[in-house]
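Below is a model to be read through questions and answers. Please have a look at it before going on.

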Protein chains: 2
Amino acid sequence: MRIRLYNARLLTMTQKEIVEGEVWIREDTIEQVIVKGTDGYTTEGFDQQIDCEKNLLLPGFKNCHAHGPMTFLRSFADDLPLQEWLNQKIFPAEAKLREEDVYILMQLAILEYLQSGITTSFEMYFYPEQIAQACKDLGFRVVLSGTVFGLEEPVTEAVDTLCRDYERFHESHPLVDYRLGFHSEYSCCKALLEEIAKLSRQYQAPVYMHNSETEKEVKDCMNRHGMTPVQFMDSLGLFEFGGAGHHLVYTTAEDRRILKEKGIYVVTNPASNLKLASGIAPIREYLEQGIGVAIGTDGPASNNSLNFFKEMYLTATLQKIRYQDAAAVAPWDILKMATVNGAHLLGLPFCDGIAPGRQADLIQIDLQKPNMQPLNHVPDNLIYSGSIDNVRMTMIAGRILYQDGIYHTSVEPIRIYESANRIIRRIAGSL
Amino acid sequence: MRIRLYNARLLTMTQKEIVEGEVWIREDTIEQVIVKGTDGYTTEGFDQQIDCEKNLLLPGFKNCHAHGPMTFLRSFADDLPLQEWLNQKIFPAEAKLREEDVYILMQLAILEYLQSGITTSFEMYFYPEQIAQACKDLGFRVVLSGTVFGLEEPVTEAVDTLCRDYERFHESHPLVDYRLGFHSEYSCCKALLEEIAKLSRQYQAPVYMHNSETEKEVKDCMNRHGMTPVQFMDSLGLFEFGGAGHHLVYTTAEDRRILKEKGIYVVTNPASNLKLASGIAPIREYLEQGIGVAIGTDGPASNNSLNFFKEMYLTATLQKIRYQDAAAVAPWDILKMATVNGAHLLGLPFCDGIAPGRQADLIQIDLQKPNMQPLNHVPDNLIYSGSIDNVRMTMIAGRILYQDGIYHTSVEPIRIYESANRIIRRIAGSL
């Protein structure tokens, strides 16, 4: 299958400038990127040719922290403090979840990802086999994250789970990969974290986790271990092969020195931090210190959407309030976080831009909508006025999965909605 | 012309519950609201019958503070501090604006309003006759605001302008109304404000203005007049017939007492306050004290969009950060601000809900999109995960102006985009 996307504006992310041109795709890979005016290109030998009508093509967004199957809890319990929300609403509902529910609920998340221009997500949730199957069946690219926890010894079961899932899912399918991960410092005993550090050395693999999301979490860790979560994890050897911390809202100068030195990425989740009143992460300081930043939606229970435009907008604008400086963090930095940094953090360098040999994970942004006009600075438009309403096409591994509001997936959206509503009605009815 | 919108979910805003039913419209007015299961209704005698497919109908959003024609400056100058942004970028560009440009640029704003489910806007900008004409030509409902300023006496010209525009536009057309207004305390001398207070008494009319947007503005006013802007305006008699202050980010307890006593509304513009790093308004305190709050987008130069979903989302979630409390401000309060309060603030009580005799200004929200599923709590979905992508139809005064992404307007959007791009190219080229 060869596809030609022509008459486009290209924001390849390998360079800052937007150029007019076209992209050729062979199977799952970008074959050629042709800048307008270049000689010697052909319009023959393609199975499909799509006129992009001068709209923008750019790499798809990488959602670097998510709990996709939590779609069933969207708007289920809002406007509650974090602990009450978790203990009285979220955990009891999750306890009623069945393995087969996760397959359906992940499909619902994928529909929303495609609507939002997200082409890869990093999923931390129970039943990874169901998540992987949903992604394979709908053609969505996923990186699964270990999500073990346990406050008491022995820790054998958690470690075995992590090993088994790593062996099962790591580089297991063109669309499915796996990374070592655990829930958080506050949900794991020291013995478990030490074992995970051993696994990291054994596989020479990066480790991912929730980290320093709330002020309370950092204080509690100081009380338990005399160190911040970042320093404690570093002391255990969890950062020797890279990885990332999700949230990192509260960090000290020493924490940031460690993150920089060990090449640990920050995944910021501004909508979740806002809605749960956790705080605003010091993104400008991370950028100034050369720490890599990427963006995540977190789960739909705490967000409540999986809208990457919202996350990009908030990542930029909340910094302006935090630092009382309208100049804090620029649109280009945000676009880099959303695409290049996300791909590198996830260990998918072949998804980091529009260039020959890269995976054909890209999106078309409709510039012919009033919220994108006039075309003063397209990157600014994307970040400050862009919307999921501008996503005209989402392509993953060369397959168009979403175009002009229509899903080209193996299951009809309406069936997924019906199933998701049945699941939450069953669960809510049994609480 | 009689239209029947059937098979809908109705959020009338006259009651909190969502009910299944239908809405009948005759010419520009809502004729009947039928709750499902009620006897004696007919399917005959309609010119058009629209199956809403169980989607949501609710009153259109009221954008209570806007400078629509500033669309030409969207993404023109981002990430600059307020004064540098105004003096070095915005004012020089505005100085090159021609009267006929405003007609085109307001049309562009209207397209974006319709895309966003906004059915009325309160417009503060130069050349009100061009704004009024653009709205009449496209079928959009507008309230024009006086926007005079002047730091030096004599003030006759500004007062004459205000009188002339009031006489010309006040209740001048089914879709066009006018309110007394001035730019701000910091751009007006005391003599001018005294004259405006006189006009307010003469017409028994409310007055509207920018008020206490930044900390600096309040401090400067304290230095000039020994009072906050709210107290100073109150002392001049500007609040005797109601009205509203735009922004009101920085207020004292005494300010809030005055606002409550005089029935002055607050129009909050969270996206603009965020992007320009102005601050977060104390909305929860306004609500607790029974002060009416409504919502505005401000101009697209400082926002950079005219996206009411973004404003509603930010109005709710920024309060959670401000008060470090996830329970601060609930979705129902936001929906009330966006519809009922907005209509009352603008002096358009006949646009405040879906009920017989009210103007047929309503929108259809597509619930069959992944970001709105499952249907746990529809108002929460609207505020926390809703998007302009969910706006399936926007109707004003009984006319469907936007439906399924298509504009039913007298001018093709592409022509408006072309003209808007020509205008900013001309202006940017001459700076």
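Predicted model: local features only at pLDDT ≥ 70, side-chain atom pairs only at ≥ 80, totals over all residues.

Residues are numbered from 1 along each chain as its sequence is written, while chains are lettered from A and ligands numbered from 1 in the order in which they are written.

Reader: What radius of gyration does chain A have?

Author: The radius is taken over C-alpha atoms, and the globule rule is 2.2 Å times the number of residues to the power 0.38. For 431 residues a compact globule would come near 22 Å, and the value for chain A agrees with this. The radius of gyration of chain A is 21 Å.

Reader: How far apart do the C-alpha centres of domain 1 and domain 2 of chain A lie?

Author: Domain bounds come from an automatic or database domain assignment. In chain A, domain 1 covers 2-59 + 355-407 and domain 2 covers 61-141 + 199-346. Their C-alpha centres are separated by 28 Å.

Reader: Which element gives the largest share of the side of domain 1 of chain A that touches domain 2 of chain A?

Author: Counting residues as in contact if their C-beta atoms, placed from the backbone, lie within 7 Å, 21 residues of domain 1 of chain A meet 21 residues of domain 2 of chain A. Helices (H or I, at least four residues) and strands (E, at least two) are DSSP runs, numbered from the N terminus. On the domain 1 side, two or more residues each come from helix 13 (378-385), strand 15 (391-396) and strand 16 (399-403) of chain A. The largest share, five residues, belongs to helix 13 of chain A.

Reader: Are helix 12 and helix 13 of chain B roughly parallel or roughly perpendicular?

Author: Axes are lines fitted to C-alpha atoms, for helices over the stretch in contact, and angles run from 0 to 180 degrees between N-to-C directions. Helix 12 (residues 331-345) and helix 13 (residues 378-385) of chain B pack at about 75 degrees, with axes 9 Å apart. Angles under 35 degrees count as roughly parallel, over 145 as roughly antiparallel, 65 to 115 as roughly perpendicular and the rest as oblique. Helix 12 of chain B is therefore, relative to helix 13 of chain B, roughly perpendicular.

Reader: How are helix 2 and helix 3 of chain A oriented to each other?

Author: Helix 2 (residues 99-115) and helix 3 (residues 128-138) of chain A have axes 8 Å apart and an angle of about 45 degrees. Helix 2 of chain A and helix 3 of chain A are therefore oblique.

Reader: Which helix of chain B gives the most to the side that touches chain A?

Author: The contact takes 52 residues from chain B and 52 residues from chain A. Among the elements of chain B that give two or more residues are helix 1 (82-95), helix 11 (308-322) and helix 14 (413-429). With six residues, the most comes from helix 14 of chain B.

Reader: Where is A:Pro154?

Author: A cis peptide bond, with omega about 0 degrees, joins A:Glu153 to A:Pro154. A:Pro154 sits in the loop of chain A between strand 8 (141-145) and helix 4 (156-169).

Reader: Where is A:Glu171 found?

Author: A:Glu171 has a positive phi of about 50 degrees, although it is not a glycine. Its place in chain A is the loop between helix 4 and strand 9 (176-182).

Key. Contact = placed C-beta atoms within 7 Å.
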